[in-house]
Amino acid sequence: MPGKRKKKAQEPHVSESNSAEICFALELLKSLHLGSMSEDLLKSNVRSSTRVIYTNMVTLWLMILQRLHGGKTLEEVVSHLLSHERSLLPDNKRVREDRVSENSGAYSQARKRLELDWILKISEMICNRLSEMSPVILDGRRVFILDGTTITLPPTKLLREAFPPAPNQHGESVWPVAMLMVANELQSGCAMLPQIDPMYGELRTSEAEQAGEILTKLPANSIVLADS
């Protein structure tokens, strides 16, 4: 008997308005990273070889592209990069001679090389730049809305150690619990980097302590809107 035909995987539905927003966001991000990021952060942290194709910034760009498009595969974003975003590639011999492979293996390895500290620095720079681009509405002072929440995380060993689950009458629940606090710039809606801490355990924190950490990262003379 002939085998059953496999159903073709359905592409994530993206409306025209969402597609336009994604295109705008990517163009804005591209303009930020090409014109405003410091050279030290843009360089690959692997080696200084001119043969490197997937520098930190190219790799991060493709990861963002995967996310915004609802989970594109590695092969799909590499193909998109070579077909539509070649201006993002570094200036080296393989790029100039059009000898960059469409195999996704190099991109897969590059993702593993990204360091969390580098990603946090880039994220902070992007948040600050987006905030600075919005018009100031109150005598040169920016307004930030501060709010917090709690989130449960997958019950892996490392997450349970970093974010202890809530205690109960039986001892301890299953899900790690984290406290999350974010400052959003009022005019642009841009979310600054969140403050994430454990809610339980020896290193537990409070909303007041989180707010104090967030305030140290806001621009001078900012106005903060928050509940008591």
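The structure shown is a predicted model, in which local features need pLDDT of at least 70 and side-chain atom pairs count only at pLDDT 80 or more, while totals for chains, interfaces and linings use all residues. Residues are numbered from 1 along each chain as its sequence is written, and side-chain values use heavy atoms, with hydrogens and water left out.

The side chain of Arg-86 meets that of Asp-98 in a salt bridge, with 3.2 Å from N to O; the term stands for a side-chain nitrogen of Lys or Arg within 4 Å of a carboxyl oxygen of Asp or Glu. Because Arg-86 lies in the loop between H4 and H5, and Asp-98 in the loop between helix H5 (93–96) and H6, the pair ties together parts that are 12 residues apart in sequence. Asp-98, at a relative accessible area of 55%, is exposed.

## The other salt bridges

The structure holds 3 salt bridges. One of them joins Arg-142 to Glu-185, whose closest N and O atoms are 3.2 Å apart. Since Arg-142 is in the loop between helix H7 (116–133) and strand E1 (143–152), whereas Glu-185 is in strand E3 (residues 171–185), this pair ties together parts that are 43 residues apart in sequence. Arg-142 and Glu-185 are both buried.

Another salt bridge is formed by Lys-157 and Glu-161, with 2.5 Å between the closest N and O atoms. These two residues are 4 residues apart in helix H8 (residues 157–162), so Lys-157 and Glu-161 are separated by about one helical turn. Lys-157 is exposed, because its relative accessibility is 62%. Side chains of opposite charge can pair when their charged atoms come close.

## The chain as a whole

The secondary structure of the chain comes to 9 helices and 5 strands, where helices (H or I, at least four residues) and strands (E, at least two) are DSSP runs numbered from the N terminus. Read from the N terminus, the elements run α-α-α-α-α-α-α-β-α-β-β-β-α-β.

Of the 228 residues in the chain, 32% are buried.

## Nonpolar cores

A nonpolar core is a set of buried Ala, Val, Leu, Ile, Met, Phe, Trp, Tyr and Cys residues joined through side-chain atoms within 4.5 Å. The largest core has 17 residues, and those with the most contacts inside it are Ile-53, Tyr-54, Val-58, Leu-62, Leu-81, Leu-89 and Tyr-107. Helix H3 (56–68), helix H4 (74–84) and helix H6 (105–113) are the elements that give two or more residues to this core, and the largest share, 5 residues, comes from H4. Apart from this core lies another, of 10 residues, among them Phe-144, Met-181, Cys-190 and Met-192. In soluble globular proteins, nonpolar side chains tend to be buried together.

Val-58, if its neighbours within four places in sequence are left aside, is in contact with Ile-53, Leu-81, Leu-88, Leu-89 and Pro-90.

## An aromatic pair

A search of the whole structure finds 1 aromatic pair, meaning rings of Phe, Tyr and Trp (its six-membered ring) with centres within 6.5 Å, called stacked if the planes are under 30 degrees apart, edge-to-face if over 60, and tilted for the rest. The pair is Tyr-54 with Tyr-107, and it is tilted because the planes stand at 40 degrees, with the ring centres 5.9 Å apart. The two residues are 53 residues apart, Tyr-54 being in the loop between helix H2 (39–42) and H3, and Tyr-107 in helix H6. Tyr-54 is buried at 6% relative accessibility, and Tyr-107 is buried at 0%.

Gln-195 is in strand E4 (residues 195–198) and is buried, with a relative accessible area of 12%. Not counting residues up to four places away in sequence, Gln-195 touches Met-179, Leu-180, Met-181, Gln-210, Glu-213, Ile-214 and Lys-217. The C-alpha atoms of Gln-195 and Gln-210 are separated by 6.4 Å, although the two are 15 residues apart along the chain.

On the surface, Ile-137, Leu-138, Ile-145, Leu-186 and Leu-225 form a nonpolar patch with about 410 Å² of accessible area together. Patches are made of residues with over 30% relative accessible area and no salt bridge, like charges being joined within 9 Å and nonpolar side chains (Val, Leu, Ile, Met, Phe, Trp, Tyr) within 5 Å. Leu-225 has its place in strand E5 (residues 223–225) and, at 43% relative accessibility, counts as partly exposed.

Terms used
Areas by Shrake-Rupley, 256 points an atom, 1.4 Å probe, with all protein chains shown as cover. Buried < 20%, exposed > 50% of the residue type's maximum accessible area, 1.4 Å probe, protein only. Contact = heavy atoms within 4.5 Å.
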